[in-house]
Amino acid sequence: MRYGVSHVTRYSYSQPVTSCHNLAYVLPRNTRRQTCLSSEVVIDPLPHTSAERQDYFGNRVYHFSIQKPHHSLTVSANSVLDVNDYTDWPVVDLSNTCEQARNSLMNQLSTETLLAREFILDSPLVPQLDNVKDYVAPLFPSNKPLLSAVKELTEKIYDEFTYDSVFSDVTTPLSDVFAHKRGVCQDFAHFAIACIRAMGFPARYISGYIETEPPPGQQAMVGAAESHAWFAVYSPGEGWFGFDPTNDKVAGNQHIVTAWGRDYSDVPPMKGVIYGGGSQHQLNVSVNVARMEIY
Amino acid sequence: MQDIFAQYNPAADLRDEAVNPSPGMGVHWHYLLSSLSGLGEHELAERQQRAYRLLREDGAKYTIYNQAQQEKIWPLDLIPWLIHSHEWSLIEQGLQERAELFNLILRDLYGSRELIKRGIVPPELLLAHKGFIRGCDGTLAAGQQQLILHSVDMMRSHNGEMCILADRTQAPSGAGYALENRSIMWKVLPSLFRESHVHQLASFFQSLRHTLISLVPDVKSPHIAVLTPGPLNETYFEHVYLANYLGFYLVQSSDLQVNDGYVWIKSISNRVKIDVLLRRVDDRFCDPVELKSDSELGVPGLMQVAREGNIAIANPLGSAALENPALLAYLPQISQHFFGRSLKLDSVNTWWCGNPDHLQHVLQQPDKFIIKPTFRTHQTSSINMADCSEMERENILSKIRKHAEHYVAQERLTPSHLPVIDQQGLTSRPVLLRSYAVASEASYRIMPGGLTRVGLKQRTSLIANQLGSFSKDTWVIASEPEILTPVIETELGLDQIDTVNLPSRVAENLFWMGRYLERADSMLRLMRVVLNQVTAASPLPDQLVMVLLKSVTRKINISSNRLNKNEYLQQSFEECFDILVNPDRTGSVTSSIYSMIRCVSEVREFLSADSQRIINDINDQVMLLDHSLVNTFPYGKSEESLNALITGMIAISGSIQESMTRGSGWYFFSLGRKIERGIQTTTLLESLMMTNLNSQEHNIVAWEVLVKTVESLSSYRRLYGTQLSARNIFKHLLLDVANPRSVIYQLELIQRYLGKLPQRQIDLVVKDDLQCVLDAFSLIRSIEIENISHEYHVTGYSEINRIVSDVRQLLKKTSNHLTSEFFARKNVAKQLVNERWSVD
């Protein structure tokens, strides 16, 4: 599937910002199933310095700074990508069992598995939660295939948690999300990650987009016209697999990946420091994902 | 003479360096101890006292982070740790090897991570550590040596071998204190020092300087700065000391800004590009854009500048990952991997709780161990499990069970002991040695000796300055005197610092130092004269007393009508007392002096040793002021206390006048003084000249107070005779260009100094600050002095009153203009907000 994605972030300040140093995770990375054909960032006002680099996780991060006073800042990212559906999606029921996966993680010395162990560790926004083990352990008996268990976890979160765009913000602790079972896609992804890590498996956070227009006959997905977030789990020897607890879906060819990390804090769409700007500001984000014909 | 060492009798089961010396050291210890002993108990105590005084004069302090932020004089014990140069050369090789190994670990960690990929070190050990900064991945500069500085803490264990307890790799502290210790020892025990053939420290610092310069080979004469968290930091003294010694800028993060991809000092004139940072700010605080976002110690954008190779930072960001003590549990394997051999120097036996086998070992007998968190902060500490209460013990064990990967257990060792001088004579205390390595010519140069730190109680190996331990010099003793290449002081001197490009923060602190100095001085003098009058034997009329007291208490209105005279006096005295001693009251003597001292602490590098000593004395007096006045104020010895402080003020002005280079710094200091003096003189004129008292006789008493306060009585009398007249006083204090206390005199100097500021000679436009001064001149000159009546009459001195008040406003405006033009207004960096997950 070919998509055109446009992601526009606009800040308006009540007082001029005299200068800023920012970075943006808005350029989609390539993945096993996704190829970024073209992409660009346009910043208004024109930045004094800008540079793109690859970060620790292989994501594309765009640094820029502006040194003259400005009342607003617009960051527009436009990309064209091809996204393929899984061709190698394992029959989940035949994947590693939880026990096999755990043994491999502990004993296997393949580079991929060793490096994946980083994603079992706590991360800044996904600490160990009390009681989460009790909540999730019944889904992960040792003889059950790991991916089936994760799929059920995805369903469970979809069923039990309420999508609520006013309940949480970036500062809401994950324990509150768990306690009230409410939140948005970022919260659900973080919570799923916490569950999987509590069981001793690697899970990472994925930031991206979801296709806006539903194909005929299918219902629109939540997260449309916004940046979206989901997670992936690692099964030793089999690789990483994405699941979307907000939509109870396997992340397929309607999920467009921008970046991944341990959690949101590794890959926020925008981050930085401003001088000035007054006490009031407005933030507008618009995302457009359009299916493109391939000629 | 009593031989104090004859009575030194450390516990037999402890290894004491002086009593059971290492091979070849017996004769050296004997020489040292008998020389010290030969001084006699009294003289030794005297020398110890002298060392304390010298350290204090140098401003050698250390802050202990407890609730009171206690600032202590750096504690130095006069008995050094002696180490034979033969033994030292082995230690040195071991330290070089270790620094090389840690350099390789650093490069691997932020490069290909072979240690993880090859299964040599478990990934969690490195990746769960908070010192591992993912943003530093792939950012190390090219070149073999990335780790510029490496320090270790070591001790001599029971078998006589040195054993390493910990590595310090991000901003190792203490090298400057070691240098200070050495300079004090040299002053206090010169002959002993000369005859002992002690290896010198200077060449280590030369190497440090050369290495930092060589980090930017393309820059011809690079600008190097020491980045300090500021005067509140525990080791700020050392930051100032090193910056001065090495001839580097001393900067705080607010002095720096990132522009056009480079780091610049915000200075009073041209921007100065910084090429190399010797940082004393911990990694995670260095850049709020990418690291700890609420850090106020960081420079926004610094990481990206470093990444692009536009600044070299020593040690590079991310080095904190090497301070992980869990590495010690895997060092043999790591050394095998990189070197194919084991290390020369042992490390303390360490178990990493993230390894299930190690964890089990630790949990079996926890009391045998010292538990350390793998990531060190000011909130964490090492814990001797044997000393724990049952509750503490459980608390720690449950933390370990929850986050095993964040803890290590280490064998409890007893370090060797050394004699320490105390009130009772000598006691035996455990010692640790912190060594210093700096990258140099493809390997590392080791400081000969290092900083010896002394434990507070016997046997403990938990020795930290934060626990209040003190220090010793470390003497590496050569059999032959060392052939020295003389270090030419100017080579390490201040030649690099361009006094024109003063950092704005420094200029601002010098300016305010001048203002506070003058403010405190003026208040002290006024207080002295007024109290003298009011408490004089012959009582003054009430109205006069009120006017005089009001000139001191100023805005404070004590409603006099409801009080009888005694009550009024009592309350006024309480007010006066408060104005002297209350540190929280703006404008009080104590508050002005403390403010001045705070400014001084920011600009210490501009003050001579004498000035520093005077400031210390003033500080002492102010701290005791409350105490020395409280019982007798305003009578008795009050005047003496005020006199002592006034003497201090004169001394500090004189000392600065004599010793400070006439660069921009001095002009800012002097502008501060002159502006404040102008403001004070005009204020006094208003409060003491503009009130009509019932009789001319009383007026004259008030006038006399004024003239005495500004120290002009004798010059007045020389010029105008003994009779005080309003006209002559105005003439003398406003218009006399020869009177160094007159307002016009201040204006002339302010005008001259403004012209000396950067860019002013070439700038033809009259700047706002100068315009204010020119306006003040014309106001003062418009006074028609001969028309002023000698007698106060109906219109009062309303015209002159207005002028004096306008002049004061203009002086304040001058100060404001200087502030906005030159001084670093602290830009408050805010996070770009992302408070909502998603926004419509």
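Is B:Arg505 buried or exposed, and what is its relative accessibility? In this predicted model, B:Arg505 has a relative accessibility of 7%, so it counts as buried.

**First stop: helix 13 of chain B**

Select B:Arg505 together with B:Glu602. Their side chains form a salt bridge, with N and O 2.8 Å apart. B:Arg505 belongs to helix 13 (residues 504-534) of chain B and B:Glu602 to helix 16 (residues 589-602) of chain B, so the pair ties together parts that are 97 residues apart in sequence. B:Glu602 is buried as well, its relative accessible area being 15%.

Remain on chain B and select B:Arg525 with B:Glu711. This pair also meets in a salt bridge, at 3.4 Å from N to O. B:Arg525 is in helix 13 of chain B, whereas B:Glu711 sits in the loop between helix 20 (696-709) and helix 21 (713-720) of chain B, so parts 186 residues apart in sequence are tied together. B:Arg525 is buried, with a relative accessible area of 5%, while B:Glu711 is partly exposed at 45%.

Next, display B:Asp275 and B:Lys273. They form a salt bridge whose closest N and O atoms are 3.2 Å apart. B:Asp275 counts as buried at 4% relative accessibility; B:Lys273 is partly exposed, with a relative accessible area of 27%.

Then select B:Asp367, B:Glu390, B:Arg393 and B:Glu394, which are linked in a network of salt bridges. Over all chains, the structure holds 50 salt bridges.

Now show both chains and select the residues in contact: 48 residues from chain A and 42 residues from chain B. The area buried between the two chains is about 4,300 Å², and carbon and sulfur atoms give 56% of that area.

The interface of chain A and chain B holds three salt bridges. One of them joins the side chains of A:Arg53 and B:Glu290, at 3.7 Å from N to O. Nine residue pairs are in polar contact between chain A and chain B, both residues being at pLDDT 80 or more.

On the side of chain A that touches chain B, the elements giving two or more residues include strand 1 (2-27), helix 6 (185-198) and strand 13 (270-276). Strand 13 of chain A gives the most, with seven residues. By class, this side of chain A has 20 nonpolar, 18 polar and 10 charged residues.

**Last stop: strand 13 of chain A**

Finally, select strand 13 of chain A with strand 23 (residues 829-831) of chain B. The two strands pair in the antiparallel sense over three bridges. Centre the view on A:Tyr275, which stands opposite B:Ala829 in strand 23 of chain B.

Note on methods: Residues are numbered from 1 along each chain as its sequence is written. Chains are lettered from A and ligands numbered from 1 in the order in which they are written. This is a predicted model: local features need pLDDT of at least 70, side-chain atom pairs count only at pLDDT 80 or more; totals for chains, interfaces and linings use all residues. Side-chain values use heavy atoms; hydrogens and water are left out. Contact means heavy atoms within 4.5 Å. Buried area is the accessible area (1.4 Å probe) that two parts lose on being put together, summed over both. A salt bridge is a side-chain nitrogen of Lys or Arg within 4 Å of a carboxyl oxygen of Asp or Glu. A polar contact is a pair of N or O atoms within 3.5 Å; within protein, one must be able to donate a hydrogen and the other to accept it, and residues adjacent in sequence count only if both atoms are side-chain atoms. Helices (H or I, at least four residues) and strands (E, at least two) are DSSP runs, numbered from the N terminus. Ala, Val, Leu, Ile, Met, Phe, Trp, Tyr, Cys and Pro count as nonpolar, Asp, Glu, Lys and Arg as charged, and the others, Gly among them, as polar. Two strands pair if DSSP finds at least two bridges between them. Buried means under 20% relative accessible area, exposed over 50%, partly exposed in between (1.4 Å probe, protein chains only).
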